[in-house]
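Here is a short briefing to read beside the model. Please keep the sequence and the 3D view open as you go.

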Amino acid sequence: MRFMMMMIPRVYQPDAPPGEKAGEGFAPPAEAVARMTKFNEELANAGALIALDGLHPRSKGARIAFSGGKINVTDGPFTEAKEVIGGYWMIEAKSKEEAVGWARRCPASDGDVIEVRQVFEMSDFPLDVREAADNPTVKARIEKRKAS
């Protein structure tokens with residue numbers, strides 16, 4: 001089973017103290033990156049790591065909302081956001097408990113949160129949904145990207 005572990009760092013949250021917020025030009029401290037890199041290596045060595053990335057602060061993002069046939073684009077920061085994702089890991093685990101076990105090992109900072117969510121597999125859906133989602137062009141593009 002695949003799981004996404006989403007990092008919700010305290011420094012990205014609107015209620016973080018002013019001196020601790022991730023603002024323009026933000027970069028995490030090197031020692032924090034070194035600890036996280038060691039954790040990422042553990043995931044990779046265990047064969048659990050599929051993908052991972054960190055995300056820029058919300059001030060550099062955009063939200064696209066769909067309502068009543070209209071599309072509204074809002075540039076960050078998003079003042080109404082309570083939790084902002086700062087990065088993710090895509091992992092392979094035998095169970096939710098195993099995925100949670102990996103999240104518990106993360107060298108997160110005080111106030112950080114990791115949300116763990118199982119990824120849908122096509123086999124989770126009824127046949128009509130699988131048929132509606134079957135798209136050879138999309139599959140080929142994904143495979144081509146994986147190969148490069």
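A residue is called buried when its relative accessible area is under 20%, exposed when that area is over 50%, and partly exposed in between, using a 1.4 Å probe and protein chains only. Helices (H or I, at least four residues) and strands (E, at least two) are DSSP runs, numbered from the N terminus. This is a predicted model, in which local features need pLDDT of at least 70 and side-chain atom pairs count only at pLDDT 80 or more, while totals for chains, interfaces and linings use all residues. Residues are numbered from 1 along each chain as its sequence is written, and side-chain values use heavy atoms, with hydrogens and water left out.

**Overall architecture**

- The protein has 4 helices and 6 strands, and these follow one another along the sequence as β-α-β-β-β-β-α-β-α-α.
- The C-alpha trace extends over about 50 × 45 × 30 Å along its principal axes.
- Of the 148 residues in the protein, 22% are buried.
- Contact here means heavy atoms within 4.5 Å. Among contacts between residues at least 6 apart in sequence, 72% join residues at least 24 apart.

**Helix α1**

- The end C-alpha atoms of α1 are 22 Å apart, in agreement with the 22 Å that its 16 residues should span at 1.5 Å a residue. The expected span is 1.5 Å times one less than the number of residues.
- Met 36, Phe 39, Asn 40 and Leu 43 are the buried residues of α1. They sit on the same side of α1, because they cover an arc of only 100 degrees around the axis. The arc is that of the directions from the helix axis to the C-beta atoms.
- On the face turned away from that buried side, α1 carries the exposed residues Ala 30, Glu 31, Lys 38 and Asn 45.
- The cover over the buried residues of α1 includes β1 (2-8), β2, β5 and α2 (96-105).
- Gly 47, which follows α1, has a positive phi, near 75 degrees.

**Phe 39 within α1**

- Phe 39 belongs to helix α1, which runs over residues 30-45. With a relative accessible area of 2%, Phe 39 is buried.
- Not counting residues up to four places away in sequence, Phe 39 touches Met 5, Trp 89, Trp 102, Arg 105, Cys 106 and Pro 107.
- Phe 39 and Arg 105 are 66 residues apart along the chain, yet 7.6 Å separates their C-alpha atoms.

**Helix α2**

- In α2 the buried residues are Ala 99, Trp 102 and Ala 103. They fall within an arc of 100 degrees seen down the axis of α2, so they line one face of the helix.
- The exposed residues Glu 97 and Arg 104 are on the face of α2 turned away from its buried side.
- Among the elements that cover the buried residues of α2 are β1, α1, β5 and β6 (113-118).

**Thr 74 in strand β4**

- Thr 74 is part of strand β4, residues 70-75. Its relative accessibility is 34%, so Thr 74 counts as partly exposed.
- Leaving aside neighbours within four places in sequence, Thr 74 is in contact with Gly 61, Ala 62 and Arg 63.

**Pockets**

- On a 1 Å grid over the protein atoms alone, a pocket is an open set of points where a 1.4 Å probe fits, with protein on both sides within 12 Å along at least five of seven lines; lining residues have an atom within 4 Å of a point. Grid points are joined across faces, edges and corners, and a volume is the space filled by probe spheres set on the points.
- The largest pocket has a volume of about 740 Å³. Its lining counts 31 residues, and Met 7, Pro 9, Phe 26, Pro 28 and Met 36 are the closest to its centre.
- Helix α1 gives the largest share of that lining, 6 residues.
- The second largest pocket has a volume of about 260 Å³. Its 13 lining residues include Arg 2, Lys 139, Ile 142, Glu 143 and Lys 146, which lie nearest its centre.
- Elements giving two or more residues to the lining of the second largest pocket are β2, β5 and α4 (136-147), with the largest share, 5 residues, from α4.
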